[in-house]
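Let's walk through this protein together, one step at a time.

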Amino acid sequence: MARAVFTAVLAGPASYAEGVGRLDGLGLRAADRVVTDHRFCYPPLDRAQVLEPLRPDRLAEDLVALLIPGHDVSGYDPDPWTASVPRTLLTADRPDLPVPAFANRAVTVLASAADRWPHVGAELGSLIRQRPEIAVGAGSAALVALSHARYVDTDVLLEVEMRLPQQRQADLDVGAAAVTERLVRERVDDTTRLQDAASWYARLGVRLAHAGRKNEAVRANHQALAALHRLDELVPQTYGTHVALCLMDIGGYQSDLGRHKEAVGFTRRAIDLLREQVREGHREARPQLALALANYGNQLQNTGQRGDAVEAAGESVARYRELAGSDLADPPRLAFALCGLGTRLLAVGRNEDAAEALVESVAGYRELVAAAPQTHLPGLARALTNLGTARQRLGQSGEAVRAAEESVRIRRDLVELNGQAHTADLATSLLNYAGRLADVDEDEEAVARAEEAVKLARRLWRTDRLAHEALLANALASQGAVLARAARGGAVASLREAIALYERLVVVDDGHRTALHAARHNLGVLEADDGSDGAPATEAEPDDEAVHTYNEGVRLARAGSSEQARECYRRAAEAGLPQAMFNLGNMCWEDGNAADAKLWWTRAVAAGSLEGCFNLGVLHWKQGDRDMARHWFRRGAEAGATNAMTSLGAALWSDGDLAAAERWFRAAAEAGDPDGDHRLGLLLDEQGRHDEAGTGFERAAEAGHAEAARSLADHRMRHGRLTDAHRWWRLDQVRQEPQSPSPPEPESVPVPEPGRVHPLVEAASDQGIPVQSLQPAQMVELAGSIMDGQVAKLVGEGRLEDAVALYREQAAGLRRLLSSGAEGRVPMSTAMTYRLLQQHATYLASMAPLELALGHVDQALAHSEEAVTALGALAARGGDLLPHAWAQYVFAAIRADAGTDTERALRAVDEAIQVLGRPHHAPHEQTQQHLSKALAVQATLLRLR
């Protein structure tokens, strides 16, 4: 009986004949009697079946583990018979046979047990190594269980990963992502070859995206991009295509997440790189360029650039047609590009051309689906949805309904396989289907499908507002139109909610303005028909001529004809187009005409383009009117503009309202703005909430924020995570100009043998940096003293420029030494690195007052900031507080003289005074001088305040 229970747990229920055959094949005598007895003890849920499994699952898994030999749990003797059963059931020794249908259950049970039982993990690993196809054939749930199994080695998962399909496959996408994610987590680190790291992170990005985990896909691709940039530096003109593909993927994922403007930037960079690769004769870049153009067309349309979108989509299709019949032909991508072209043509009213492209796309996808349905059904559903719209516009209502209905049916099946990846697409297809049903007066069904779409969109919106706010707005607007056409209540409420969402969306992406105008128009018609009183006034939709004039202005501005563009913007603005008013304001600001910029931005905001709020806030802040700046920042922030949120948070921070600042930084971060995460991290770090700060820095850094990698590296170093700090410093070096490596923890300096020249001295001499044959720490200190004397002499002679030049030369020399040490070209102890970093920061702090005296205010501010940051990090590691306190005094003194950033300067000088005034520091004459100067600077800053 126990053997029958074991078999039933692994293989699940079966018909009587199949159950008897299964037990007979495993060598059980009197299999028919065993099946009958088992049926009596474990009554099946389906009375036509036998071998009902033991429940609950965890009990069944532990029973399997206890029966398989290899454990030492007393009181539970294993059955040697079971050792070969999993291998036999799953046909591990028979690669000529198909993977059995119950493999999903068997592998899932064994993998779940392997998370707790090492001997089961070993047995399952051996089985899968022998025939990895079993894991792939077992399906997504089994792959997820395998990836979570603690005692299944990653070598086993690597065998499985190598056999997973490279293209998306709806029934495997979630499991494939889980397998690759664990492999990357456990096998890719700072010691991994850059080529391998780039490949693994790029592969993980694709897997995560196919599984619907787009935010994580973006982060994985940024990791790949960092490795590729480093490789491109080391081996120029070798990895250009790989960099471009990574950029293109990031752009695609950003677009899927609703970050359309960011997406355009990434994809444009990819296209520029790929065009260069094609010009240089790299054949493999030709289909990739075609794909990037298809993506670019979609992203341009989402940002309102419809003419350019059609041009990009048309070029994409043309390039794919050029490849037809060659070894670079790509029928799936051609079908994708045709679908994109059809959608772009629909947006500009070229309905017949759109239908032609979409018919060809659907035909192409049908051929592909016949060969690989799980890979190409998503594409077919997308093409059918858009074909339904084209048919409706051409008056072919019956065909439109059929296309939309088929799309819904396909996407319902896909959601069953992977809801996270396909639910948003199902909502879109339902909206299209509801509209087509309304066209043929199927009102009941149309209302029901629109309501279903809104429910799905609202559920998605609650999980990720940034990614799904546009979907919810579209769903509500479509529901309002369907309800109005069916003369049902609720249309006004749906449209009003849609308008509120669109008004937030257009603040950061003007591509939603057409949808906003349509929703406002529909609401206006309904309220006029109802005779509603007191309804809010709605903005009139600008006429076609104004829109055409504005688009011409955009074209002229890109071509460099700024004056002609300005005239087009002015005519469109006078016709009431808010975006033209906004662009006019930008042009005036660039010309230094703040008064006219303010006028046009104010008019743009009044006309509904709330993105002007941020610009008005910046303008008033620069003019010293901080109250009005806060007003505009708040107005933009409340409308959903993340740049206004972060600016308002910064203003509140300077006011001392830390709780309110945190709320706005957090709101920006939750809306997907990396700058919100970074600023939140800085604020929390200042408050001593270091774990939370680290999370904010990490999210911002992984999203590619320019400064966050450096902030995260500093944070990691100050909290003892040196390996992680070094990794983020290296990533920052890839993204920015090269920076000094993160200072490691000080350690004792090895004393060289008598008469032996330290290798650091030899390396420095080779690089032309003057040094002396001294012990390392003495050498750095003496070099600093010599420098002080040389600078003092130059200053005494009034040669400030020469003094600054000397500091710059010596600082550059130290940077070269540090770079050589970091790259392993110069042997350097951690203590020596620490001393060099400290001396470099000291040179910067000493140079800053001289720069200020010469009128180089920006350089003085920047160098004093860099010095105080570096010395603060070193103080956190080595406890050397006096150099940092002195740098804080210099930082504050420069800002007092410049009359800027007084609040930060006051905080810095207050901390400096506390350190300099400590009893064990006070006896030193130089410390007393610094303390007196710091007190004087503090008094000056208090007066400025």
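Are tryptophan 653 and phenylalanine 665 buried or exposed? Both tryptophan 653 and phenylalanine 665 are buried, where buried means under 20% relative accessible area, exposed over 50% and partly exposed in between (1.4 Å probe, protein chains only).

Before going further, a word on what you are looking at. This is a predicted model, in which local features need pLDDT of at least 70 and side-chain atom pairs count only at pLDDT 80 or more, while totals for chains, interfaces and linings use all residues. Residues are numbered from 1 along each chain as its sequence is written, and side-chain values use heavy atoms, with hydrogens and water left out.

How confident is the predictor? The average pLDDT (the predictor's confidence in each residue, from 0 to 100) is 82 for the protein, and 87% of the residues score at least 70. Take care with residues 737-778, though, where pLDDT stays under 50. Residues 531-542 also stay under 50. Where pLDDT is low, the predicted coordinates should not be read in detail.

Now let's return to our two rings. Tryptophan 653 and phenylalanine 665 form an edge-to-face aromatic pair, with 6.2 Å from centre to centre and 75 degrees between the planes. (Rings of Phe, Tyr and Trp, using its six-membered ring, pair if their centres lie within 6.5 Å; planes under 30 degrees apart are stacked, over 60 edge-to-face and the rest tilted.) Tryptophan 653 sits in helix α33 (residues 642-655) and phenylalanine 665 in helix α34 (residues 658-670); helices here are DSSP runs (H or I, at least four residues), numbered from the N terminus.

Another pair, tyrosine 807 and tyrosine 843, is tilted, at 5.9 Å centre to centre and 45 degrees between the planes. Tyrosine 807 belongs to helix α41 and tyrosine 843 to helix α42, so this pair ties together parts 36 residues apart in sequence. Tyrosine 807 is buried at 4% relative accessible area, and tyrosine 843 is buried at 3%.

Finally, the interior. A nonpolar core is a set of buried Ala, Val, Leu, Ile, Met, Phe, Trp, Tyr and Cys residues joined through side-chain atoms within 4.5 Å. The largest one has 138 residues, and Leu10 and Leu146 have the most contacts inside it, a contact being heavy atoms within 4.5 Å. Helix α16 (residues 285-302) gives this core its largest share, 9 residues. A second, separate core has 50 residues, including Met832 and Leu874.

How values were computed: Helices (H or I, at least four residues) and strands (E, at least two) are DSSP runs, numbered from the N terminus.
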